[in-house]
Amino acid sequence: MHDVIDLHEDIDKVYSQLKKHHPKLYQYTSKEVLDFKFDSLKRTIITPINSREFYKKLAPVVSQVKQGHISLSSANKWYTKKERKQLLKNKFEFYALDFEYLENKLWVKNTRGKDSTMVGSEVVKIEEDLVSDLIGVYKTRFSSDGYNTTLHNRYVGRHFSNFYYKDKGFVDSLRVTFKNKDSLFIKTFRRLKKKEKSKKQDSTKTKKRVKLTSEEKKANRLASKKKRKFNRKHGFIKKNKEYTRNFGFVKKAKGVAYMKLRSFTNGNYKKFYKESFAKLDSAKTKYLILDLRDNGGGRIAEIDYLYSYLTKDKYKFIEDSEVNSRVPFLKFLMSNTTPNSLKILSGIVSPIIVVQNLIRTRKRDGKLYYRFRQTKVRAPRPLHFTGHIYVLINGNSFSASSLISTHLKATKRATFVGEETGGAYNGTVAGIYKIYELPNTKLKIRMGMMQVEAPQKQNPDGYGVKPDIEILPTVNDRNLKKDSELEWVLNDIKEKG
């Protein structure tokens, strides 16, 4: 429980940190409105509350900034090293479920556990809480860029387990009510011990170890090395056993290639794109389907590199980024959440960081701007794709995936199919992030520090990249394992001959 004075202090700290580091704080909500929201929050807190209850009150106010890269973490119990080690020996069955929010209902999309009976079922209640009520509350605790709403529906479903944990904290079991067609059924999820591999083996089943020759050992090493390189190039995600980058040709459609990109965050992307576009060129491919659905973004360098293979003309990928400091990277490194070891190292190399920041930062019209390498005008890659591009997007297409979509949309380089992106057409505040821990409640707020935007703009401001062909997924599509967006593209290509 925290005293009212301490809670008010943390509210003031949040707002002051946003004012100090966020360059577009009043882009979508005016200063007068935000001042009123934060003052009103202080007036409503008149008795002591704990950190989790404080999070529930503060998060909706922070979301009024309407900047998707701002997030507030809930405070949870601090575990000792021994306790954390013990927790890792257990797994919570509920976290094996993947959810999706469609047609104003929460559905089980997939499971990483053995019990698949829940897949395709609606989640009606968790303990005594109606899921519809939980969803309504959780949507107030985060925001998209501007006034867009498609991100809310996609994001709240995809991250439902995380929102529930922030809301309720650590639990050992959950009683969940599901609905399949017209039938209700209840399942209790528990925290179970992970199965440990037995070190003792039955001597009767023990296989005699085969001694490998030096040539076989060398072949195994080379195969392992090749596999590691493949995984790095395609961005292997160990948890889900899937790849970030996927590329291939559509078997039932001649001259059509499909590239699925789940994010722009991991792996050796240059090799992947270089090899993929070489294959497109060699096969004289006419159509490329670029799937950016559920792509939450990532590195500017990667999307700039990808775009250099998609454009036909010279281009400038981003404008100079508006910042609130001449040394943004030093501010980022010296946050109160930065480990002391990194702070010491940053202090040692700070003269280099400061000089580099000062060289790249300029003042213009009373504002500070930081220049990235991607602000230079560039030419397309020699093997750039010249055929027709289709881009699949949805509300979870955010940040970097929205930025590259802006370019493709503005230059009329592609046909967009799906729903409006969750990230704004006119850019977003991201780049580097300040993570600040509140002194009393220990909540952490993360905020972008750089306005990252393409040269192209649209009016009105505050909306995402909109599709040329709007297709929204349905529950029936999911049950039939039907990809309506992809099917529309393939039919369109077929009609063109």
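Colleague: Where does Ser 325 sit?
Modeller: Ser 325 is found in the loop between β15 (321–323) and α11 (328–333), where helices (H or I, at least four residues) and strands (E, at least two) are DSSP runs numbered from the N terminus. This is a predicted model, in which local features need pLDDT of at least 70 and side-chain atom pairs count only at pLDDT 80 or more, while totals for chains, interfaces and linings use all residues. Residues are numbered from 1 along each chain as its sequence is written, and side-chain values use heavy atoms, with hydrogens and water left out.

Colleague: Is Ser 325 buried or exposed?
Modeller: Ser 325 has a relative accessibility of 13%, so it counts as buried (buried is under 20% relative accessible area, exposed over 50% and partly exposed in between, with a 1.4 Å probe and protein chains only).

Colleague: And what does its side chain reach?
Modeller: The side chain of Ser 325 reaches the backbone nitrogen of Val 327 at 3.0 Å. Leaving aside neighbours within four places in sequence, Ser 325 is also in contact with Lys 331, Thr 361 and Leu 368, contact being heavy atoms within 4.5 Å.

Colleague: Switching to Gln 451, which strand is that in?
Modeller: Gln 451 lies in β22, and with a relative accessible area of 2% it is buried.

Colleague: What does Gln 451 touch?
Modeller: Not counting residues up to four places away in sequence, Gln 451 touches several residues, among them Pro 23, Lys 24, Gln 27, Asp 320 and Glu 322. The C-alpha atoms of Gln 451 and Glu 322 are separated by 5.1 Å, although these residues are 129 apart along the chain.

Colleague: Which side chain makes a polar contact with the side chain of Gln 451?
Modeller: That is Glu 453, at 2.9 Å; a polar contact is a pair of N or O atoms within 3.5 Å, where within protein one must be able to donate a hydrogen and the other to accept it, and residues adjacent in sequence count only if both atoms are side-chain atoms.

Colleague: OK, helix α13 next. How many of its residues are buried?
Modeller: In α13, 9 of the 11 residues are buried, so the helix is largely enclosed by the rest of the structure. The buried residues run through Ala 400, Ser 401, Ser 402, Leu 403, Ile 404, Ser 405, Thr 406, His 407 and Leu 408.

Colleague: What do they pack against?
Modeller: The buried residues of α13 pack against β13 (287–291), α10, β14 (315–316), β19 (388–393), β20 (414–418) and β22.

Colleague: Which residue just after α13 has a positive phi?
Modeller: Just after α13, Lys 412 takes a positive phi of about 55°, although it is not a glycine. Lys 412 lies in the loop between α13 and β20, and at 76% relative accessibility it counts as exposed.

Colleague: What about Lys 66, where is that and what is its phi?
Modeller: Lys 66 lies in the loop between α3 and β1 and has a positive phi near 60°. At 23% relative accessibility, Lys 66 counts as partly exposed.

Colleague: How do β11 and β12 run?
Modeller: Strands β11 (residues 245–249) and β12 (residues 256–261) run antiparallel and are joined by 5 bridges, two strands being paired if DSSP finds at least two bridges between them. Gly 248 stands opposite Tyr 258 in β12. The hairpin has 6 residues between the strands, and in it Gly 255 takes a positive phi near 75°.

Colleague: Last one, which residues does the cis peptide bond join?
Modeller: The cis peptide bond joins Asn 459 and Pro 460, with omega about 0°, and Pro 460 lies in the loop between β22 and β23 (469–470).
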